[in-house]
Amino acid sequence: MKDYNILYVDDERANLNSLKSLFRRKFNIITATSGLQGLELLEEHSIQLIIADQRMPLMTGIEFLKKVKEKWPDIKLILLTGYYDNQVVKEAVNEVGIYWYMNKPFENEKLELVIQKGLEVFKTIELLKDSEEKFKGVFNSMADVFIRRNMNGIGIMISPSVYDVMGYRPEEIIGQSVSKFFIDPKAPDEIMKSLLENKGVQTFESDIFKKDGSIITISSNSK
């Protein structure tokens, strides 16, 4: 977990030094004595998780985390407080969307586990985003037409290549019943039936209308 940066914000230097010393071999911790300094450090460093004390002068932990959420929504947030306040907890969860709330004094082992889990969630989300970006690249550049429909036969995802094949732009088909583009409107149902029975369809030929009214034959592969 040394590849990730944790920002700990607390107006008491003793708390900052204590936590940094406690986890120095496990996590890379950057400290700030105020919410304002924390925001400045966020501009300078790549931060994946923040631990913030609630009771701080000028800017409370909640106020600080709200500002963080507006500009860096993916960072995992942990709020610490020495005084339980139900309203603060509700605000932290509902308005800020914090990852975890913990009372002080905290158990070292529990906080370590929470930090580890928070960083694991951050890493998982980053990997998913990377995977989605790669998929978008392939999706937008494919020559064949990719169409995803729901169980009601409505198009919900269509590759840009549909324009070259049918003359329609994706937004003209999304939200429409796919069957309306087939000469035989029952063809999509036959594909769906085969999907349910065989888990896939290979080279299913059918005729469809292009936007200009002409007809072309397509070969469908579905799963």
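Trainee: Which residue in β2 is the bridge partner of Leu7?
Mentor: Ile30 is the β2 bridge partner of Leu7. Keep in mind that this is a predicted model.

Trainee: How do β1 and β2 pair, and over how many bridges?
Mentor: Strand β1, residues 5–9, and strand β2, residues 28–32, pair in the parallel sense over five bridges. Between them the chain passes through helix α1, residues 13–22, and this β-α-β crossover is right-handed.

Trainee: What about β1 and β3?
Mentor: Those two also pair in the parallel sense, over four bridges. Tyr8 has Ile51 in β3 as its bridge partner.

Trainee: How many residues of β1 are buried?
Mentor: Five of its five residues are buried. In a regular strand, side chains alternate between the two faces of the sheet. In β1 both faces are covered, with Asn5, Leu7 and Val9 on one side and Ile6 and Tyr8 on the other.

Trainee: Let's move to Ile50. Where is it?
Mentor: Ile50 is in strand β3, which covers residues 49–53.

Trainee: Buried or exposed?
Mentor: Ile50 has a relative accessible area of 0%, so it counts as buried.

Trainee: Which residues is Ile50 in contact with, leaving aside neighbours within four places in sequence?
Mentor: The contacts of Ile50 include Leu7, Leu42, Phe64, Leu65, Val68 and Ile75. Lys76, Leu77 and Ile78 are also among them. Val68 is 18 residues from Ile50 along the chain, and their C-alpha atoms are separated by 9.2 Å.

Trainee: Changing topic: how many salt bridges does a search of the whole structure find?
Mentor: Seven. One of them joins the side chains of Lys104 and Asp10, at 3.4 Å from N to O. Lys104 is in the loop between β5 and α5, and Asp10 is in the loop between β1 and α1, so the pair ties together parts that are 94 residues apart in sequence.

Trainee: What is the salt-bridge partner of Glu112?
Mentor: Lys26, with the closest N and O atoms 2.9 Å apart. This pair links distant parts of the chain, as Glu112 is in helix α5 and Lys26 is in the loop between α1 and β2, 86 residues apart. Glu112 counts as buried at 15% relative accessibility, whereas Lys26 is partly exposed at 41%.

Trainee: And which residue does Asp74 meet in a salt bridge?
Mentor: Asp74 meets Lys129, at 2.3 Å from N to O. Asp74 lies in the loop between α3 and β4 and Lys129 in helix α5, so parts 55 residues apart in sequence are tied together. Both count as partly exposed, Asp74 at 32% and Lys129 at 34%.

Trainee: Last topic, the whole chain. How many helices and strands does it have?
Mentor: Eight helices and nine strands. The radius of gyration is 26 Å, well over the 17 Å that the globule rule gives for 223 residues, so the chain is more spread out than a compact globule. Along its principal axes the C-alpha trace spans about 75 × 35 × 30 Å.

Trainee: How much of the chain is buried?
Mentor: Buried residues make up 36% of the 223 residues. The chain exposes about 13500 Å², and carbon and sulfur atoms supply 50% of that.

Definitions and conventions: Residues are numbered from 1 along each chain as its sequence is written. This is a predicted model: local features need pLDDT of at least 70, side-chain atom pairs count only at pLDDT 80 or more; totals for chains, interfaces and linings use all residues. Side-chain values use heavy atoms; hydrogens and water are left out. Buried means under 20% relative accessible area, exposed over 50%, partly exposed in between (1.4 Å probe, protein chains only). Contact means heavy atoms within 4.5 Å. Two strands pair if DSSP finds at least two bridges between them. A crossover is right-handed if, with the strands pointing away from the viewer, the path from the first strand over the helix to the second runs clockwise. The radius of gyration is taken over C-alpha atoms; the globule rule is 2.2 Å times the number of residues to the power 0.38. Accessible areas come from the Shrake-Rupley method with a 1.4 Å probe; for residues, only the protein chains shown count as cover. A salt bridge is a side-chain nitrogen of Lys or Arg within 4 Å of a carboxyl oxygen of Asp or Glu.
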